[in-house]
Amino acid sequence: MYFHWRNTYFLSEGENDGGCQSESDSTEEVEARREMVTSPVVNTYPLSSYTFGTKEPKMEKDTSVADRLARMKVNYMKEGMRTSVEAILLVQEHNHPHILLLQIGNTFCKLPGGRLKPGENGAILDPLLRLLCMCIHVCMSYFFLKIFAEIEGLKRKLSSKLAANSLALQPDWQIGECVAIWWRPNFETIMYPYCPPHITKPKECKKLFIVHLSEREYFAVPKNLKLLAVPLFELYDNVQVWRY
């Protein structure tokens with residue numbers, strides 16, 4: 001994956017309609033492909049191309065990390081493993097890619113996103129999988145249905161965090177590839193880019209998706225949060241400053 005600086009959006013051949021469709025593709029597979037933008041190019045546009053406004057505050061459910069972990073434990077007992085999705089939004093400033101982060105207070109930053117609802121993480125599809133997974137086509141249909149659910153959940157989270165209340169100003173969220181998956185083995189802050197082999201019941205799975213921004217968008221930021229454009233070189237190996 002590389003960054004393309006021209007102000008033109010290019011797609012590989014066949015990607016403008018969600019990819020090539022075969023006769024064996026189910027409706028769910030086709031819809032999932034259309035929902036996801038699969039492009040080897042990530043176009044970034046100047047930060048000045050975007051308009052920023054404010055909206056009503058979006059209060060956090062937890063006041064501390066300890067409270068968040070305690071709530072996660074309660075939800076785990078009721079719903080099982082937590083599935084969360086976050087968006088990587090890239091803009092260009094000083095001829096260098098910057099990533100958009102939401103700042104909470106003065107010390108904590110995070111990517112836009114959050115926890116999926118039980119139906120959005122594909123959990124309700126598991127019984128169907130156990131009953132119908134008798135051929136590879138059903139397995140693939142289940143896979144695409146799960147992706148579709150996660151993408152729709154991420155769009156909901158992005159609109160909640162960054163979209164205006166007016167339908168006319170809603171961004172066109174183009175969800176791209178899943179570029180990272182992190183696992184939380186226990187009710188602790190540490191997460192791993194893999195699920196340790198001795199962990200059979202992880203507590204959280206977090207997926208990071210590239211989001212392809214249009215050249216012009218309007219973002220409405222909750223009044224109690226700040227939206228920062230941080231250069232990639234500042235994020236690398238700098239957890240002391242950018243606590244995430």
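First look-up: Arg-184 is buried, at a relative accessible area of 2%. My cut-offs are under 20% relative accessible area for buried, over 50% for exposed and partly exposed in between, with a 1.4 Å probe and protein chains only. Arg-184 belongs to one network with Arg-82 and Glu-204, joined by salt bridges that share partners.

Housekeeping: this is a predicted model, so I keep local features at pLDDT of at least 70 and side-chain atom pairs at pLDDT 80 or more, while totals for chains, interfaces and linings use all residues. Residues are numbered from 1 along each chain as its sequence is written, and side-chain values use heavy atoms, with hydrogens and water left out.

Next, the bridges, where I count a side-chain nitrogen of Lys or Arg within 4 Å of a carboxyl oxygen of Asp or Glu. Glu-204 meets Arg-184 at 2.7 Å, N to O. I place Glu-204 in strand β9 and Arg-184 in strand β8 (residues 174-184), 20 residues apart. Strands here are DSSP runs of E, at least two residues, and helices are H or I runs of at least four, numbered from the N terminus.

Glu-204 also bridges to Arg-82, with the closest N and O atoms 3.1 Å apart. Arg-82 sits in strand β4 (residues 82-93), so this pair ties together parts 122 residues apart in sequence. I find both Arg-82 and Glu-204 buried.

Last entry: the whole structure gives me seven salt bridges. One of them pairs Glu-79 with Arg-115 at 3.1 Å, N to O. Glu-79 is partly exposed at 42% relative accessibility, and Arg-115 is partly exposed at 23%.
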